[in-house]
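Biologist: I am new to reading aromatic rings in a model. Could you walk me through it?

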Amino acid sequence: MNEAVRNYLISVVSIALLSGVVLALTPEGAVHRTLKFLCGLAVILAAIGPVARLDFDAMAQSLARVRVSAEAAAGEIEADSTELIADIIKEKTEAYIWDKADTLGMELAHVTAEVRCDGTYPYPYRVTIAGTFTPEQRSRMTRALEQELAVPEERQEWHTDEAQ
């Protein structure tokens, strides 16, 4: 690429210098004005010549390939980030349930959270809780899950090892 730019600049400068020498050597008059026009035309053609040789179809195809590649990469990044956010929300949801159970005096054996992404952002959808707890503790946890995590009671699955 640098070699092409170098050759381009050398050709334009060479034509300009040659034109300057020719115009300096010709006397004023009709011939000088004609040569001045022709030299100016030669410099313009030397300057825009490489543009005329460009393959615009190939450039358009290349730009389209770059754009498609960039959009594909952006889509992959977005999908990866959504999965990462979903994993984080799952972990945070489960940690919240463990902490809340500890606060309520519940003895849990197992907690699982299911996360969904129906829109633009993942959210806790369903929880499964197994352990030992009283009806009062379960009721308080159910309300907390509804209020704090927006997981309604119908999407809360409870498994009792033994009631206290």
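Predicted model: local features only at pLDDT ≥ 70, side-chain atom pairs only at ≥ 80, totals over all residues.

Biologist: How is a pair of aromatic rings described?

Modeller: The description uses the distance of the centres and the angle of the planes. In this structure the count comes to two aromatic pairs. Take Y123 and Y125: their ring centres are 6.5 Å apart and their planes stand at 70°, so this pair is edge-to-face.

Biologist: Is Y125 buried or exposed?

Modeller: Buried means under 20% relative accessible area. Y125 has 15%, so Y125 is buried. Y123 has 27%, which makes Y123 partly exposed.

Biologist: And which residues form the other pair, with 5.1 Å centre to centre?

Modeller: Those are F133 and W158, an edge-to-face pair with 70° between the planes. F133 lies in the loop between strand 2 and helix 4, while W158 belongs to strand 3, so the pair ties together parts 25 residues apart in sequence. F133 is buried at 4% relative accessible area, and W158 is buried at 11%.

Biologist: Now the charge: what sits over the ring of Y125?

Modeller: The charged end of R116 does, at 3.7 Å from the ring centre.

Biologist: Where is R140 placed?

Modeller: R140 is in helix 4, which covers residues 135-149. With a relative accessibility of 41%, R140 counts as partly exposed. R140 and K100 are 40 residues apart in sequence, and their C-alpha atoms are 9.6 Å apart in space.

Note on methods:
Residues numbered from 1 in each chain as written. Heavy atoms only, no water. Helix = DSSP H or I, 4+ residues; strand = E, 2+ residues; numbered from the N terminus. Buried < 20%, exposed > 50% of the residue type's maximum accessible area, 1.4 Å probe, protein only. Phe/Tyr/Trp six-rings, centres within 6.5 Å; stacked < 30°, edge-to-face > 60°. Lys NZ or Arg CZ within 6 Å of the ring centre and 35° of its normal.
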